[in-house]
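Please read them with the structure open beside you.

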Amino acid sequence: MSRKAERARRVAERVTDPELPMLSLADLGVLRDVDVVGDSHVVVDITPTYSGCPAMAAMRDDLVRELTGAGFDTVEVRVSLHPAWTTDWITPAGRAALAAAGISPPGPAPSTSGPIPLSLLPTARQVRCPQCGSPATELVSEFGSTACKAQYRCTACLEPFDHVKEI
Amino acid sequence: MTEHIHTSPEDEHESAYSGLLVNDAHWAFGTDFEDPLAGVDTTIPDGVDAATLATYALMLGDDSLVMSHRISEWTSNAPDLEDDIALSNIALDLLGQARLLLARAAKADESIVPRLPEGSPAPPEDALAFFREAHQLRNVRLAELVNGDFAEATVRVLLFSVWRLALFERLRESRDHVLAAVAAKGVKELAYHRDYAARWFVTLAHGTDESRRRLLTAYDALWPLWPELFDTHPVEAAAAEAGVGVDPATVREAAEGVLDQVLAAADIERSEAPRRSGVLGRTGRDGMHGEPLSRMLAEMQSVARAHPMGQW
């Protein structure tokens, strides 16, 4: 990687997710590739978390603003649909940042090859309360404040919290 | 809509509108659109007819567009906050799928995109969503019905997602890179929608007499539209033949196997209500729709049609 590309990558890595601002796009696993073509044209590859995630447009705008602000002339943000994003790509640092912000990080993503089995029981997860650490938690809703989160409640400290759901 | 709002420099800080259209970087929904397929390989695979691929993508895109709109009508109307959010999230996932699929259709064959006035900023997927008449939409009729009660939403999301997930599991093998990628992503989303609806189906079936009665009423009302989901339209047959699409008839067994598990858990027999016929054999895939779709489109499209040059 050229020195310019390394610098562009460092700038792009600083951009945070608009809905999970404690996570950088690199920690979220959304940043696929950063390259500099020619003298000062940056090409960034990102991948969508969910098909309809409205944060994608904001991520693109933030990348363009940060990179042009860092002195690059032009920025092209490309979307890679394949392979599909999985929560397994959230880095250990990203998981720690989520927990520190009171959001329970995802467990291992289920396999999605072959036929997907029907599940009639609430998804069984070992979720610990990010506030008090208690394993005594219950699911409130499989759908939380954003497409990527489920709602939980801690039955020890009674605090509600978000859990990033595994996909 | 094309004219920006002008303010003199001294009132600029007084106006709530100043800056709205100038620098949108801090808005989650910018005023300009990114191409959802930018940087994606949209080459049409060898031996595939462009018009077939476009129409096939349009069919799948219209299913999710219309279903998304119907489910979005639940926003702020669901029985409780959690289900309001759940349904809104399901609608959002489907809207994302619709956008990619309509963009794919437009990229495969530009001649299907309605012509807008010169200089209109509407991207092709928006032109397809907002500037076609009901008879040009290719969605299955299950998606377009007027919403009923929460039991009806439960049954509709269940039937739709059981069918669509079975299709998408196979579509992951499409020779078309875009359809394969949309399907791979969509499978994860649809699995979630299907489990959500299936759990509510079982819950309502074993809830009170009233919840079971409502569920059975909705189930009998929607079941007549289930067989249409597995009819093979000539375009679907051609897309399957070319290795880019899936013949829906081939996933019927898998879909009904899943549905039977839900029905067994709910202690409900398979409905015997007869299928709803088309008009002279024509159904949703042929552009033959009921009046509710026209009304839905009138509402959904009115703003975009009034302002074809509008910037959002």
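1. At 4% relative accessibility, E228(B) counts as buried, where buried means under 20% relative accessible area with a 1.4 Å probe and protein chains only. This is a predicted model, in which local features need pLDDT of at least 70, side-chain atom pairs count only at pLDDT 80 or more, and totals for chains, interfaces and linings use all residues. Side-chain values use heavy atoms, without hydrogens and water, residues are numbered from 1 along each chain as its sequence is written, and chains are lettered from A and ligands numbered from 1 in the order in which they are written.

2. E228(B) sits in the loop of chain B between α6 (209-222) and α7 (234-241), helices being DSSP runs of H or I with at least four residues. Its side chain makes a polar contact with the side chain of R141(B) at 2.7 Å (a pair of N or O atoms within 3.5 Å, one able to donate a hydrogen and the other to accept it). Leaving aside residues up to four places away in sequence, E228(B) touches V140(B), R141(B), R275(B), T283(B) and G284(B), contact meaning heavy atoms within 4.5 Å.

3. Elsewhere in chain B, helix α1 (residues 50-72) packs on helix α4 (residues 150-171) at an angle of about 150 degrees, with their axes 12 Å apart; the axes are lines fitted to C-alpha atoms over the stretch in contact, and angles run from 0 to 180 degrees between N-to-C directions. The two helices, α1(B) and α4(B), are therefore roughly antiparallel, a term for angles over 145 degrees. Among the residues making this contact are Y56(B) and L60(B) of α1(B), and F160(B) and W163(B) of α4(B).

Terms used. Buried means under 20% relative accessible area, exposed over 50%, partly exposed in between (1.4 Å probe, protein chains only). Angles under 35 degrees count as roughly parallel, over 145 as roughly antiparallel, 65 to 115 as roughly perpendicular and the rest as oblique.
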